[in-house]
Amino acid sequence: LIVLTAFISPFRAERTLVRSLLGEGEFVEVFVDAPLAVCEERDPKGLYKKARAGEIRNFTGIDSAYEAPEQPEIHLLNAGKPVAALVDELLTALRQGNYL
C-alpha cells in the first residue's frame with residue numbers, strides 16, 4: 001500500500017518528526033522544487049496575491065520561511081514543467097528506488 005499526500009511542509013523539524021513516526025523506508029520525501037514565481041502563476045485561488053496584499057499572514061514563501069529539504073529521497077525540479085511530466089519523473093524515481 002502506497003499513500004501519497006501533498007503538503008506544504010515548510011519546516012525541516014516537522015518533516016523530521018513525521019519521518020520519525022514511521023518505520024525505516026516507510027517515509028519517502030518528495031520535494032517538488034518549484035520557483036515562487038511558478039507557484040504564484042499556478043495559484044487558482046489567488047492566495048499568493050492575497051498574501052502579498054497583506055490579507056493572509058504567515059504565508060509560506062511570502063512572509064513565512066520555507067526550509068527546503070536537504071536530502072529528499074526524490075527531488076523533482078519544476079521550472080514550469082507540465083504536471084504529466086512530473087508524474088512520469090515521480091513514477092520513474094519510485095521504481096528506481098524499489099518503492100513500486
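Colleague: How do the residues of the lining of the largest pocket divide between nonpolar, polar and charged?

Modeller: This is a predicted model in which local features need pLDDT of at least 70 and side-chain atom pairs count only at pLDDT 80 or more, while totals for chains, interfaces and linings use all residues. Residues are numbered from 1 along each chain as its sequence is written, and side-chain values use heavy atoms, with hydrogens and water left out. If Ala, Val, Leu, Ile, Met, Phe, Trp, Tyr, Cys and Pro count as nonpolar, Asp, Glu, Lys and Arg as charged, and the others, Gly among them, as polar, then the lining of the largest pocket holds 32 nonpolar, six polar and eight charged residues.

Colleague: Which element gives the most to the lining of the largest pocket?

Modeller: The protein chain has four helices and two strands, taken as DSSP runs (H or I, at least four residues; E, at least two), and its pattern along the sequence is α-β-α-α-β-α. At least two residues of the lining come from each of α1 (12-20), β1 (30-33), α2 (36-41), α3 (47-52) and α4 (83-96). The element that gives the most, with five residues, is α4.

Colleague: How many charged residues are there in the lining of the second largest pocket?

Modeller: The second largest pocket has a volume of about 160 Å³, and its lining consists of Arg12, Arg15, Thr16, Arg19, Glu29, Pro69, Glu70 and Gln71. One of these residues is nonpolar and two are polar, and the number that are charged is five.

Colleague: What is the angle between the planes of tyrosine 48 and phenylalanine 59?

Modeller: There are two aromatic pairs, counted for rings of Phe, Tyr and Trp (its six-membered ring) with centres within 6.5 Å (planes under 30 degrees apart are stacked, over 60 edge-to-face, the rest tilted). The pair of tyrosine 48, in helix α3, and phenylalanine 59, in the loop between α3 and β2 (74-77), links parts of the chain 11 residues apart. Both residues are buried, and the pair is edge-to-face at 4.8 Å centre to centre, with an angle between the planes of 80°.

Colleague: Is asparagine 58 buried or exposed?

Modeller: Asparagine 58, in the loop between α3 and β2, has a positive phi near 55° although it is a residue other than glycine. By relative accessible area (buried under 20%, exposed over 50%, partly exposed in between; 1.4 Å probe, protein chains only), its value of 62% makes asparagine 58 exposed.

Methods. On a 1 Å grid over the protein atoms alone, a cavity is a set of points where a 1.4 Å probe fits but cannot get out, and a pocket is an open set with protein on both sides within 12 Å along at least five of seven lines; lining residues have an atom within 4 Å of a point. Grid points are joined across faces, edges and corners, and a volume is the space filled by probe spheres set on the points.
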